Amino acid sequence: MNNCFSLTLNVNGEERSTLVRPAETLLNVLRENLGLTGAKPGCENGDCGTCTIIVDGLPMKSCLLLSVEAVNREITTIEGLCDAPIQQAFMKHWAFQCGYCTPGFIMNCHALMMNKPEADNLTVENWLQSNICRCTGYQEIKEAVLSVLDTANKENA
């Protein structure tokens, strides 16, 4: 690989080193170099959210982030969630159809719950606007998110 250099990324709690080109997106590095294919390429310009991951606790579109910008940051991909409550809720509420957008939605919803555990309907709707489902499963996705938030709030009451 010409013009490549080595960098180390903290992905799913593990230090991973790889060779990258300076202009390579994090999406490409995760998928092609590290074999983490849960973040999907969609529009590759930040509109659809299929590539959403969590960086330092916030949802980020990995197609817009250069791999070099992710050094010294905590990256979590769908592979790093390991049976999170939102994953169970997506299954329980049938919050997926073809499944292509599902990892991005789950990562966005997981970040919502981490950052806004008291989120109301409007907040949930606003967060869900960053991802697109071409199969139109929005109502089921919203129901899944609200069910997890409701359960968490009852447990913390």
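A salt bridge (a side-chain nitrogen of Lys or Arg within 4 Å of a carboxyl oxygen of Asp or Glu) joins the side chains of E125 and K142, with an N to O distance of 2.5 Å. Helices here are DSSP runs of H or I with at least four residues, strands are runs of E with at least two, and both are numbered from the N terminus. Relative accessible area was computed with a 1.4 Å probe on protein chains only, and buried means under 20%, exposed over 50% and partly exposed in between. On that scale E125, at 35%, is partly exposed, whereas K142, at 15%, is buried.

The structure is predicted, and local features need pLDDT of at least 70, side-chain atom pairs count only at pLDDT 80 or more, and totals for chains, interfaces and linings use all residues. Residues are numbered from 1 along each chain as its sequence is written, and side-chain values use heavy atoms, with hydrogens and water left out.

Side chains of opposite charge can pair when their charged atoms come close. Across the whole structure, the search returns five salt bridges. Among them is the pair formed by R73 and D56, whose side chains meet at 3.1 Å, N to O. Here too the partners come from distant parts of the chain: R73 lies in the loop between β4 (58-61) and β5 (74-76), D56 lies in the loop between β3 (52-55) and β4, and 17 residues separate them. R73 has a relative accessibility of 25% and is therefore partly exposed; D56, at 42%, is also partly exposed.

Another salt bridge brings together the side chains of R16 and E14, at 3.9 Å from N to O. R16 is partly exposed, with 22% relative accessibility, and E14 is likewise partly exposed, at 46%.

C63 takes part in no disulfide, and its nearest cysteine sulfur, that of C51, is 3.7 Å away. With 8% relative accessibility, C63 is buried. C98 is in no disulfide either, and the nearest cysteine sulfur belongs to C135, at 3.8 Å. C98 is exposed, with a relative accessible area of 57%.

Key. A disulfide is a pair of cysteine sulfur atoms within 2.5 Å.
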